[in-house]
Amino acid sequence: MARKKVFIYGGCTSRDAVDFYPEYGLELLGYVARQSLVSAFRPADHSEFAIDIELNS
């Protein structure tokens, strides 16, 4: 079975679940820690999150 790739934008509690991903057919693609104070005063740069995703119908 192909693993589903997961990108996490959030807190460390979301990332900590990565140890259990293989049991559910998941694979961590990337992780960005949420930093609300830092990001509140800076516009989003979408190029930082460029991910090539192949969707299968």
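**Exercise 1. The salt bridge**

Which side chains meet in a salt bridge, and what is the N to O distance? Then place each partner in the fold and classify its accessibility.

*Solution.* 
Step 1. This is a predicted model. The structure holds one salt bridge.
Step 2. The side chains of Lys 5 and Glu 27 form this contact, at 3.7 Å from N to O. The cut-off is 4 Å, so the pair qualifies.
Step 3. Lys 5 sits in strand S1 and Glu 27 in strand S2. The two are 22 residues apart, and the pair links distant parts of the chain.
Step 4. Lys 5 has a relative accessible area of 54%. Exposed means over 50%, so Lys 5 is exposed.
Step 5. Glu 27 comes to 33%, which makes this residue partly exposed.

**Exercise 2. The nonpolar patch**

Identify the residues of the nonpolar surface patch, then locate two of them, Tyr 9 and Leu 29.

*Solution.* 
Step 1. The patch consists of Phe 7, Tyr 9 and Leu 29. Together they have about 280 Å² of accessible area.
Step 2. Tyr 9 lies in strand S1, which spans residues 4-10. Leu 29 lies in strand S2.
Step 3. Tyr 9 has 48% relative accessibility and therefore counts as partly exposed. Leu 29, with 40%, is partly exposed.
Step 4. A patch residue needs over 30% relative accessible area. Tyr 9, at 48%, passes. Leu 29, at 40%, passes.
Step 5. Now take a C-alpha distance from Leu 29. Val 6 is 23 residues away in sequence, yet the two C-alpha atoms are 5.3 Å apart in space.

**Exercise 3. The whole chain**

Summarise the fold pattern, the surface and the contacts of the chain. Then say where confidence is highest and where it is lowest.

*Solution.* 
Step 1. The chain has two helices and two strands. Along the sequence they follow the pattern β-α-β-α.
Step 2. The chain has 57 residues, and 9% of them are buried.
Step 3. The accessible surface comes to about 5200 Å². Carbon and sulfur atoms account for 55% of that surface.
Step 4. Consider contacts between residues at least 6 apart in sequence: 26% of these join residues at least 24 apart.
Step 5. The mean pLDDT of the chain is 76, and 67% of the residues score at least 70.
Step 6. Confidence is highest in strand S2 (residues 26-33), at a mean of 85. Confidence is lowest in helix H2 (residues 36-40), at a mean of 64.
Step 7. Where pLDDT is low, predicted coordinates should not be read in detail.

Technical notes:
Residues are numbered from 1 along each chain as its sequence is written. This is a predicted model: local features need pLDDT of at least 70, side-chain atom pairs count only at pLDDT 80 or more; totals for chains, interfaces and linings use all residues. Side-chain values use heavy atoms; hydrogens and water are left out. Patches are made of residues with over 30% relative accessible area and no salt bridge: like charges are joined within 9 Å, nonpolar side chains (Val, Leu, Ile, Met, Phe, Trp, Tyr) within 5 Å. Accessible areas come from the Shrake-Rupley method with a 1.4 Å probe; for residues, only the protein chains shown count as cover. Helices (H or I, at least four residues) and strands (E, at least two) are DSSP runs, numbered from the N terminus. Buried means under 20% relative accessible area, exposed over 50%, partly exposed in between (1.4 Å probe, protein chains only). pLDDT is the predictor's confidence in each residue, from 0 to 100. Contact means heavy atoms within 4.5 Å.
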